[in-house]
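Please look through the structure shown below before reading on.

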Amino acid sequence: DKDKSVRKAKPAANSQAAAAMVAAMGSSGISFSSFDPNAASSESEVHTEIAFTLKKLNKKDSTTKIKALSELLNIFEGREGHTDEDICTALVPWQQQFPALVGDIDRRVREQTFVVMKALVLKVKRSMGKVIKALMFSWLKGMYDPESSVRTTAKASFSSAFAPNKVADAFLHCRQEIIESVDENVRHSVQTLCDPKLYTKEEAEEMFERTLSSSLHAAAFVLDTLSPEQAATFHAGLDTVLSAPAFWRFAAHPSVLVRTGFYSFVRSLTRALPTLLHDPSRGDDARLKAASQAV
């Protein structure tokens, strides 16, 4: 039974998996401190050709978006003769487009997005400091996409940006954005996340389950990467996440993706921030105890 295997997993297993993932990223990334926090441009300064290509990403049809991403890949890889300065002008509009692309209904769009991201990082990674906070959580979500090809390209792009020994520093730098993103996503419903005019009922449910599952897994990964002292800085923010009315209902969600994400996150909380699950003063100790027993 898959659900039982999830429940029986040891709290340490997540931590070990996170360490293995970070180690597997290799050492090709730059140190987090080398990002220039002042090196980003305003949208009005975007190179004309790049701006035109980026606007194509707003189209609904996947074919147009995939073609635009392929064009951006050529630009970011330097095949079209653009300078690094030209490419840097894409950073702000790219960080605005990135979350929607990572959440796209089409697996090919999500996969190609991370291929493009890796090319961008390799080209101008030292100029990405001003946009890294806006990019971080969507990046992490991609690493836990249900599709293996998306996960692979997301991890490859992430490892091209961060040296393994700087990943925790990056998470601490983006702490507020990570917490706010988790909190926002656990409070969404299918109706608030997906515009019914744009998606069928089935597509909306798939997007919701994928978003929720990947968000919870990403939050677990963050906690498993941090030391206990570092994780403690997330205490107050994650306390707010646990207060979301729907949160504890995810333990019995019909989707195995959501349930697995929920138990992964709770296991990580048990290891990193046990008082969040076992503090009687919260007033919901019965639910917390039930969730703790699941791990």
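The largest cavity holds about 40 Å³ of space. This is a predicted model, in which local features need pLDDT of at least 70 and side-chain atom pairs count only at pLDDT 80 or more, while totals for chains, interfaces and linings use all residues. Residues are numbered from 1 along each chain as its sequence is written, and side-chain values use heavy atoms, with hydrogens and water left out.

**How the spaces are defined**

- Rolling a probe the size of a water molecule over the atoms shows where empty space is left.
- On a 1 Å grid over the protein atoms alone, a cavity is a set of points where a 1.4 Å probe fits but cannot get out, a pocket is an open set with protein on both sides within 12 Å along at least five of seven lines, and lining residues have an atom within 4 Å of a point.
- Grid points are joined across faces, edges and corners, and a volume is the space filled by probe spheres set on the points.

**The two cavities**

- The whole structure contains two cavities of 30 Å³ or more.
- The lining of the largest cavity is made up of Val102, Gly103, Lys141, Gly142, Asp145, Arg210, Thr211 and Ser214, and α8 and α13 are the elements that give two or more residues to it (helices are DSSP runs of H or I with at least four residues, and strands are runs of E with at least two, numbered from the N terminus).
- One nonpolar, four polar and three charged residues form the lining of the largest cavity, where Ala, Val, Leu, Ile, Met, Phe, Trp, Tyr, Cys and Pro count as nonpolar, Asp, Glu, Lys and Arg as charged, and the others, Gly among them, as polar.
- The second largest cavity, with a volume of about 30 Å³, is lined by Ile178, Val182, Ala219, Val222, Leu223, Phe234, Leu238 and Phe265, which divide into eight nonpolar, no polar and no charged residues.
- Helix α13 provides the largest share of the lining of the second largest cavity, three residues.

**The largest pocket**

- About 760 Å³ of space lies in the largest pocket, which is lined by 31 residues, with Pro99, Ala100, Leu101, Gly103 and Lys141 nearest its centre.
- Its lining comprises eleven nonpolar, ten polar and ten charged residues.

**Salt bridges**

- Eleven salt bridges are found in the whole structure (a side-chain nitrogen of Lys or Arg within 4 Å of a carboxyl oxygen of Asp or Glu).
- Asp104 and Lys65 form a salt bridge, at 2.4 Å from N to O, and this pair links distant parts of the chain, since Asp104 is in the loop between α6 and α7 and Lys65 in helix α4, 39 residues apart.
- Both Asp104 and Lys65 are buried (under 20% relative accessible area, with exposed meaning over 50% and partly exposed in between, for a 1.4 Å probe and protein chains only).
- Glu206 and Arg210 also form a salt bridge, their closest N and O atoms being 3.0 Å apart, and both lie in helix α13, four residues apart, about one turn of the helix.
- With a relative accessible area of 31%, Glu206 is partly exposed, whereas Arg210, at 3%, is buried.

**Helix α9**

- The buried residues of α9 are Val150, Thr153, Ala154, Ser157, Phe158 and Ser159, and they pack against α7, α8 and α10 (contact means heavy atoms within 4.5 Å).
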